[in-house]
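Trainee: I would like to learn how to read salt bridges in a model. Can you walk me through some?

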Amino acid sequence: MEEKLSKAQKMLVDTLMENLDKGCVWKQGWKGGYMMSPNGKPYRGDNELLLSLVSMARGYEDCRWMTFNAMKKAGLSFKRDEEGKCLGTNAGVPVEYFETYDKMTHKAFTRATLEDMDTDEAKKYLRDNVYTVRKYYMVFNCSLIKDMPEYIVKHTENINDRIDEFIGNWSESECEIVYGGGEACYVPMKDEIHLPVRKNFVSDDDFYGVALHEIAHSTGAKERLNRDLSGHFGSKTYAQEELIAEIASLFIGQEFGVAITESHIENSAAYIDSWKVAIKENPNALFKAVTEASKICKYMTDAEERMSAKSGLIAA
């Protein structure tokens, strides 16, 4: 199966599997914000996860990435170590993108081609003439670049207020969160999230990580994103849903700018073993999980905006 993976996909699978073989998923305490280009445009999906994992593994504290050509155009160069070795050597990470081409024009496809067609003609043209090509370019973390302007983390003083408001609004508007006991879980039959009381968590980041993970599960309800939540512990369906929720908690945690720690995974050894088996059997299970996690992240950020607006109207 792996021979069908692209260069970037193989690196993503290998990097995650290395973490799983070490008995962890995310490096504890890592906080990075969006993985982004210097112009502030965030990477998403597979690219976001790959750059996040590489940042964790290599200890990068800067969340910005730059191509070699962009670096040279800006008049910048790589740092060197004490022995004079270039820090950029073998440090590039492949970022994937897709381009759509038109067989008829032999150029990039544009929607203008379909302007004079009716719906059926447009569908036929797209089916017969338009195809997508996967491409990639190499990027380097900006912490490796000499004289790079300092990266300032935007989310600082008010970050706790933002997440607390989101969790409170989610409980009121989407899915009730019940506090108490020693277990964290989402109960599909009741559409309830159960969490231990906050003071029982080691840190705020641990509390937020668990809460976001369980909220991610709750998006699978039929009236939300309608995923299969019927799997029992140890089943492939259960392992897939746990992987989806875990990646989603990383993505949404980066949206909020908080650390997602490995310590919030209950029975982590069992989860990690199930993920290792699932990904080894079919690496595409990972990319399916990333796709679903991206949908969850969008659903949650859209819900944050919607709930905040509703809360504001109520307060007014």
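Mentor: We will go through the salt bridges pair by pair. Keep in mind that this is a predicted model.

Trainee: What lets side chains pair up in general?

Mentor: Side chains of opposite charge can pair when their charged atoms come close.

Trainee: How many salt bridges does the structure hold?

Mentor: There are 18 salt bridges. One of them joins the side chains of D21 and K276, at 3.4 Å from N to O. D21 sits in helix 1 and K276 in helix 8, so this pair ties together parts 255 residues apart in sequence.

Trainee: Is K276 buried or exposed?

Mentor: Buried means under 20% relative accessible area. K276 has 18%, so K276 counts as buried.

Trainee: Which residue does R224 meet in a salt bridge?

Mentor: R224 meets D191, at 3.0 Å from N to O. This pair links distant parts of the chain, 33 residues apart. R224 lies in the loop between helix 6 and helix 7. D191 lies in the loop between strand 8 and strand 9. R224 is buried at 11% relative accessible area, and D191 is buried at 18%.

Trainee: What about K236 and E281?

Mentor: They form a salt bridge, with the closest N and O atoms 3.4 Å apart. K236 lies in helix 7 and E281 in helix 8, so the pair ties together parts 45 residues apart in sequence. K236 is exposed, at 64% relative accessible area.

Trainee: Which residues do shared partners join into one network?

Mentor: E174, D191, R224 and R306. Salt bridges that share partners join them.

Note on methods
Residues numbered from 1 in each chain as written. Predicted model: local features only at pLDDT ≥ 70, side-chain atom pairs only at ≥ 80, totals over all residues. Heavy atoms only, no water. Salt bridge = Lys/Arg side-chain N within 4 Å of Asp/Glu carboxyl O. Helix = DSSP H or I, 4+ residues; strand = E, 2+ residues; numbered from the N terminus. Buried < 20%, exposed > 50% of the residue type's maximum accessible area, 1.4 Å probe, protein only.
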